[in-house]
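Please have the model open.

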Amino acid sequence: MSSAFTTSAARNIFYGGTVFFFLLFLALTYQNEKALPARDNRANLTPQVIAGKKIWETRNCIGCHTLLGEGAYFAPELGNVYKRRGGDKGGAEFIKAWIKAQPTGAPGRRQMPQFNLTEQELDEMVAFLKYVSEINTSNWPPNIEG
Amino acid sequence: MQFKSQAVAKPYFIAAIGLFVAQVLFGLIMGLQYVIGDFLFPAIPFNVARMVHTNALIVWLLMGFMGSAYYLVPEESERELHSPKLALALFWIFLVAAALTVLGYLLVPYASLAKMTGNDLLPTMGREFLEQPLITKVGIVIVALGFLFNLSMTVLKGRKTAISTVLLLGLWGLAIFFLFSFYNPDNVVRDKYYWWFVVHLWVEGVWELILGAILAFVLIKVTGVDREVIEKWLYVIITLTLITGIIGTGHHYYWIGTPEYWQWWGSVFSALEPIPFFAMTVFAFNMVNRRRREHPNRVATLWALGTGVMAFLGAGVWGFLHTLAPVNFYTHGSQITAAHGHMAFYGAYVMVVITMISYAMPLLRGRAANSNLAQVIEMWSFWLMTIAMVFITLFLTAAGILQVWLQRVSETPMGFMATQDQISLFYWMREWAGVVFFIGLVTYIVSFFIKGSDTKAA
Ligand code: HEM
Ligand code: HEM
Ligand SMILES: [Fe+2]
């Protein structure tokens, strides 16, 4: 690099550039917060859904599954599982029966633990998954298989 | 070693390597569970192994950064560390907290662990990479603050260089962005949005400052090139990092319920993120070619060059591969993501920590460089681990392409589990590459115990 370009010039560009782009990011974050209510299904954020999120977290479901494509890649995507398993016609029943039936114990197959959830907790879990499935994700995933 | 207090780096480095071993062992367990699903079930379910694998990684990298900083800052500031006692006390606190947390994961059901550790007070657990109990998170903050206080006092009282300034900026940024791990909104979209303030703004933001500073420090030492030149490069690289990487966060905001304009912001800025990584590679090779001396520690130079190349491949090339929104639509959350995550973490952060250890550890043990034999064995470990990681990445990429094809592109998409069965061959090959990686890691540890008659005096 030429000697006309000094270290202190480089340093000033660093601080200036960083501050500028950080402020731009904050502005985009502000804009993002304004745009979210139209997309994030917050109208359906009931106490039951919130309780379901806590069960999702305290059982570490994300340690095997993805949710909207984020998490682990060992087990199926669950952001759309409610819809994949029948939606309002059977989705809830399927998910509850599934969780209760684990682990399958099939030899060599990936196993999901038994969490001993109560009937109420199962309903909360389903409510959470239904709420997530109704978030506007710009049509992701590409198909129902997740 | 010029200052006595630099010696506090040593326990940090040793503990880092110990946790690295634990990390890779749990990686191998998971790799086997990918193909033999019920392996170790229910004793160690996959999610538990994964927490140990990823959290051990993060903690040992933090230990490596801290050790590096304790070594680097006194030398740059030309004075003893403000408080070596504090540094040692924090080391033990951090190590014990990490060990207890891992034992908690392994021995207590996660839901009970959450109850026992105050998750009901402030729920923060159960989110990827941020699974630590609340008390562990608080502990991390306390350790980080003590550490930053110690270093900042040292820098303030001593010589201020670009390298120590950039390092401290990176470390302060690390601590500040970690605070977002305490923010867990009920709204899943907002939860995910701010979760990336920790994860992305760490690895594609402030950690890169730490990376650049450590690399610059080692390059000055092993090449003898003018500080002026190296510091100018450092500023250019980190400028490019932050002007691309901050807005580049948008590449995680395509499909999580956030507005669609992020597809543009994220694609354009993150597509530029490889540039600073490329600059880092050019920088490392350039400085080594212009070297003014032949440093006896040749293996440290090898690690420094390797960091440049592998960080560019893992973060730059494999990151670019899936960062444009139309591509990411298909690859999001697939084995492609895992492939990239592995090579990027290894190439950038694992390798830079080992670069520093490789340079500093002989000095901490009272010699300029290890014996020729010890260096040759360490070079073997470099090649074994690095080539194994290249193959892990290639096999996961192959698995990922097939996965995307069968499950997401096909006119008659297969289910997730059926797809996994189809690609198990690649998971087997990944596991074998993992075994080679582990052999490389053992070789690395062995190199510390090789004596040889020709150690260079410090
Ligand atoms: C013996 C070698 C290794 C094996 C077999 C292995 C295996 C695995 C497996 C199976 C996963 C979980 C993927 C999933 O969620 O489904 C994983 C995750 C991860 N591993 Fe490793 N690993 C190894 C070494 C490493 C090393 C050396 C690093 C660090 C450089 C590393 C960093 C990570 C990271 C960052 C994740 C999370 C990835 C993501 O969320 O996309 N692993 N590993
Ligand atoms: C050293 C720097 C980097 C590290 C350590 C790193 C690591 C990771 C990890 C671990 C993930 C998975 C996160 C999760 O579990 O959800 C990830 C995701 C991602 N990374 Fe990086 N990364 C780095 C740099 C980059 C760069 C420079 C780019 C772009 C050019 C990039 C593009 C992406 C994208 C697009 C994803 C999302 C993948 C998906 O949609 O599933 N990364 N990265
Ligand atoms: Fe990112």
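The dialogue below covers the metal site, then the interface.

A: This is a predicted model, where local features need pLDDT of at least 70, side-chain atom pairs count only at pLDDT 80 or more, and totals for chains, interfaces and linings use all residues. Residues are numbered from 1 along each chain as its sequence is written, chains are lettered from A and ligands numbered from 1 in written order, and side-chain values use heavy atoms, without hydrogens and water.

Q: Which residues coordinate the iron atom of ligand 1?
A: Donors are N, O and S atoms within 2.8 Å of the metal (3.2 Å for Na, K and Ca); water is not among the atoms, so sites may look incomplete. Here His53(B) and His342(B) coordinate the iron through NE2, at 2.0 Å. His53(B) sits in helix α2 (residues 46-77) of chain B and His342(B) in helix α13 (residues 335-364) of chain B, 289 residues apart. Helices are DSSP runs (H or I, at least four residues), numbered from the N terminus.

Q: Are these histidines buried or exposed?
A: Buried means under 20% relative accessible area, exposed over 50%, partly exposed in between (1.4 Å probe, protein chains only). His53(B) is buried, at 13%. His342(B) is partly exposed, at 29%.

Q: How many residues of chain B are in contact with chain A?
A: Contact means heavy atoms within 4.5 Å. By that rule, 86 residues of chain B touch 72 of chain A.

Q: How many salt bridges cross the interface?
A: A salt bridge puts a side-chain nitrogen of Lys or Arg within 4 Å of a carboxyl oxygen of Asp or Glu. The rule finds 5 between chain B and chain A. One of them pairs Lys54(A) with Asp120(B), closest N and O atoms 2.7 Å apart.

Technical notes. Helices (H or I, at least four residues) and strands (E, at least two) are DSSP runs, numbered from the N terminus.
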